[in-house]
Amino acid sequence: MSRVHVIAVITAKPGKRDEVLANFQANVPAVHAEDGCIEYGAVVDSAEASFAAPYGPDTFVVIEKWASLDHLKAHAAAPHMKAYAAKNSDLLADRVIHVMTDA
């Protein structure tokens, strides 16, 4: 089975992105400790890339790489991910998850 790449576009309710990002960063060590986690981190629009289409001030993107789809499934079911989701449930406007494999 090939690696799995995840691009998660997270949009917070207006003015709540910093709070959601703080919750995200607090959860990162637990995710990095998961079996099969290769990469897991958040990125925001670059203020210097004026030629690019921005997501906007309420959105961040999570870039993930997992050793396999089974590892990703275990990640999604992990207790710390359920707690993270519950903590942010009233703070999010939208969440779109893209799951891909190597081309």
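## A nonpolar surface patch

A surface patch, as the term is used here, is made of residues with over 30% relative accessible area and no salt bridge, nonpolar side chains being joined within 5 Å. In this predicted model, Leu69, Ile97 and Val99 make a nonpolar patch of about 230 Å².

Leu69 belongs to helix 2, which covers residues 69–77. The relative accessible area of Leu69 is 31%, and the residue is therefore classed as partly exposed.

## Overall fold

The chain contains three helices and four strands. Read from the N terminus, these elements follow the order β-α-β-β-α-α-β. The radius of gyration is 14 Å, close to the 13 Å given by the globule rule for 103 residues, so the chain is as compact as a globular protein of that length. Along the principal axes, the C-alpha atoms fill a box of roughly 35 × 35 × 20 Å.

Among contacts with a separation of 6 or more, 80% are accounted for by residues 24 or more positions apart. Buried residues make up 34% of the 103 in the chain. The accessible surface amounts to about 6300 Å², and carbon and sulfur atoms contribute 58% of it.

Three salt bridges are present in the structure. In one of them, Asp102 pairs with Arg3, with the closest N and O atoms 3.2 Å apart. This pair links distant parts of the chain, 99 residues apart: Asp102 lies in the segment after strand 4 (92–101), and Arg3 in the segment before strand 1 (4–12). Asp102 is partly exposed at a relative accessible area of 36%, and Arg3 is likewise partly exposed, at 34%.

Lys65 and Glu39 form another salt bridge, in which the closest N and O atoms are 3.7 Å apart. Here too the pair links distant parts of the chain, with Lys65 in strand 3 (residues 59–66) and Glu39 in strand 2 (residues 37–43), 26 residues apart. Lys65 has a relative accessible area of 23% and is partly exposed; Glu39 also counts as partly exposed, at 33% relative accessibility.

## The Lys16–Glu19 salt bridge

Lys16 forms a salt bridge with Glu19, and the closest N and O atoms of this pair are 3.9 Å apart. The cut-off for a salt bridge is 4 Å, so the pair qualifies at 3.9 Å. Lys16 is partly exposed, with 34% relative accessible area, and Glu19 is partly exposed at 38% relative accessibility.

Key: Residues numbered from 1 in each chain as written. Predicted model: local features only at pLDDT ≥ 70, side-chain atom pairs only at ≥ 80, totals over all residues. Heavy atoms only, no water. Patch = residues over 30% accessible without salt bridge, like charges linked within 9 Å, V, L, I, M, F, W, Y side chains within 5 Å. Areas by Shrake-Rupley, 256 points an atom, 1.4 Å probe, with all protein chains shown as cover. Salt bridge = Lys/Arg side-chain N within 4 Å of Asp/Glu carboxyl O. Helix = DSSP H or I, 4+ residues; strand = E, 2+ residues; numbered from the N terminus. Buried < 20%, exposed > 50% of the residue type's maximum accessible area, 1.4 Å probe, protein only. Rg over C-alpha atoms; globule rule 2.2 N^0.38 Å. Contact = heavy atoms within 4.5 Å.
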